[in-house]
Amino acid sequence: METKRVLVVGGTGYLGQHVLLSLSRIKDSAPYDLAFTYHSNSNLLEPLLDAIPHSHAFHVDLTTGDGFQSIASKFGQPHVVVNCAALSVPRVCEKDPDAAMSINVPCSLVNWLSSFEERDTLLIHLSTDQVYEGVKSFYKEEDETVPVNVYGKSKVAAEQFISKTWPNYAILRSSIIFGPQTISPVQKSLPIQWIDGVLSKKEQVEFFHDEFRCPVYVKDVVTIILSLINKWIIGMQLHASIFTHKKTTCFSPTLINYTMLFTLDISLLALYFLIFPAACLPLCFDIGSGPIIIILVVLVLEGKQMKLLLNVGGPDRVSRVQMAETVAHVRGYNTSLIKQVSASSVYRGVSSPADISMDISKLIQTLNISPTSFRDGVMLTLDLT
Ligand SMILES: NC(=O)c1ccc[n+]([C@@H]2O[C@H](COP(=O)([O-])OP(=O)(O)OC[C@H]3O[C@@H](n4cnc5c(N)ncnc54)[C@H](OP(=O)(O)O)[C@@H]3O)[C@@H](O)[C@H]2O)c1
């Protein structure tokens, strides 16, 4: 079977590197062909290519689309694109809204994907919790998006653009991502390491008591992305095997009549599942898990399109003060160093939503994933476990 091609756009960034490394370490029978893009940080390439020797690096500028044709000719159409590229610092977006829009709304990427005959590449796109206004707690995916800054506005525009123009996508609205440094260290300050650094100086530091987030451990975000890729690839293989009338090991030879599968239309296959659920049980055992087969069937029946929007956060709603207190507790620092102030007392050059904590029940139900608690994630980040 053809090895599936995964392209990580923004592979030199914080999340991109974590995704690439995890994809390269899958010990499964079906490892992926990996490629990634970089933009300005070619200095990060060497350690990354050393860690992932069989990957391909391409220079791409999302503002112009330069570089995508080279990927098409040397790597081919990806089966999956994970878009981690962005102008991801809200303050920088606020200063240069045009740059924010042209990088964060992935027009050139989607136009490039549209140039292929098959419009079936799965696009996993990173959005943000900053699409929400921040005036209540535990936002749900269906809540209205009211971004209060340019970064959030560019991310809303990206979500709308993708959902209108690309048929097969998963949009992940992520909260603050925290975790260990990357294999090729990124220059931007990482949240837990920054808090640890300032508290370790034993000087009093101000933290906001009225800004709430659901920070998510980076390896959980990676697990979510890997799970989506996996489901999509398995779904594609199942789809291909049904439509090309090939025998697939997913189907139990005992109770499913192969002849039926070869000749039946996909809707009749659905009917078969509805009428003979008991007969389909062996499928679940063959593939190892009941819910997976149900998702696969849904994928197949939906005509190979995902169209998924998920809040991606950790299980804990915490203020900046609580984030700092957690670091102080696990490190044994004096919590009196943490001075509580209101976010309104400091001008940061950009509006920041107050409470954009998110309801993550859809994430848990869809992917059967339980994100790490904030405290455990901090311990893992600081290597204290
Ligand atoms: N980190 C978080 O806490 C967080 C929270 C919520 C959502 N997100 C979202 O998650 C995604 C990943 O975040 P991150 O923290 O990993 O971002 P990051 O570290 O800032 O990485 C950004 C990536 O985008 C690339 N890039 C920048 N400008 C580009 C351009 N003009 N053309 C092509 N590539 C360009 C960068 O390449 P070079 O480095 O080579 O220039 C880098 O690989 C982003 O969409 C971000 O908005 C992140």
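A: A nonpolar core is a set of buried Ala, Val, Leu, Ile, Met, Phe, Trp, Tyr and Cys residues joined through C-beta atoms within 7 Å. Buried means 20 or more other C-beta atoms within 10 Å of a residue's own, exposed means 12 or fewer, and partly exposed lies in between, with C-beta atoms placed from the backbone. The model is predicted, so local features need pLDDT of at least 70 and side-chain atom pairs pLDDT 80 or more, while totals for chains, interfaces and linings use all residues. Numbering starts from 1 along each chain as its sequence is written.

Start with the whole chain. The protein chain has 385 residues, and 38% of them count as buried. Its secondary structure comes to 16 helices and 13 strands. These are DSSP runs numbered from the N terminus: H or I of at least four residues for helices, E of at least two for strands. Take the contacts with a separation of 6 or more: 79% of them join residues 24 or more positions apart. Contact here means C-beta atoms, placed from the backbone, within 7 Å.

Now the core. The largest nonpolar core holds 86 residues. V6, V8, V19, V82, I124, V221 and I225 touch the most other members. Helix 9 (residues 218-243) gives the largest share of this core, eight residues. In soluble globular proteins, nonpolar side chains tend to be buried together.

Look at V221. Setting aside neighbours within four places in sequence, V221 contacts L15, S174, I177, V216 and V312. L15 belongs to the buried part of helix 1, together with Y14, G16, Q17, H18, V19, L20 and L23. Eight of the 11 residues of helix 1 (residues 14-24) are buried, so the rest of the structure largely encloses this helix.

Next, V80. V80 sits in strand 4 (residues 80-83). V80 counts as buried because it has 24 C-beta neighbours inside 10 Å. Beyond four places in sequence, V80 contacts V6, T121, L122, I124, I229 and W232. V6 and I124 are among the core residues that touch the most other members. K4 lies 76 residues from V80 in sequence, yet the two are 8.1 Å apart in space, C-alpha to C-alpha.

On to the helix pairs. Two packed helices are described by the angle between their axes and the distance between the axes. Axes are lines fitted to C-alpha atoms over the stretch in contact, and angles run from 0 to 180 degrees between N-to-C directions. Under 35 degrees counts as roughly parallel, over 145 as roughly antiparallel, 65 to 115 as roughly perpendicular, and the rest as oblique.

First, helix 16 (residues 374-381): the axes of helix 14 and helix 16 are 10 Å apart, at an angle of about 55°. Helix 14 is therefore oblique to helix 16. T326, V327 and V330 of helix 14 meet F374, R375, V378 and M379 of helix 16. This contact of helix 14 with helix 16 has five nonpolar, one polar and one charged residues. Ala, Val, Leu, Ile, Met, Phe, Trp, Tyr, Cys and Pro count as nonpolar; Asp, Glu, Lys and Arg as charged; the others, Gly included, as polar.

Second, helix 8 (residues 191-200): helix 8 and helix 14 pack at about 65°, with axes 10 Å apart. That makes helix 8 roughly perpendicular to helix 14. I192, I195, D196 and L199 of helix 8 meet M323, A324, V327, A328 and R331 of helix 14. The residues in the contact of helix 8 with helix 14 are seven nonpolar, no polar and two charged. V327 meets helix 16 and also helix 8.

One further pair is helix 5 (residues 97-104) and helix 7 (residues 150-165), whose axes come within 9 Å and cross at roughly 30°. Helix 5 and helix 7 are therefore roughly parallel. P97, A100, M101 and N104 of helix 5 meet V150, Y151, S154, K155, A157 and A158 of helix 7. By class, the contact of helix 5 with helix 7 has seven nonpolar, two polar and one charged residues.

Finally, some exposed sites. E118 lies in the loop between helix 6 (107-114) and strand 5 (122-128). E118 counts as exposed, with 9 C-beta neighbours inside 10 Å. Its C-alpha is separated by 8.9 Å from that of Q77, 41 residues away along the chain.

Most residues other than glycine have a negative phi. N368 has a positive phi of about 55° and is not a glycine. N368 lies in the loop between helix 15 (361-367) and helix 16. N368 counts as exposed, with 12 C-beta neighbours inside 10 Å. D383, in the segment after helix 16, has a positive phi near 60°. D383 is exposed too, with 7 C-beta neighbours inside 10 Å.

Methods. Two residues are in contact if their C-beta atoms, placed from the backbone, lie within 7 Å.
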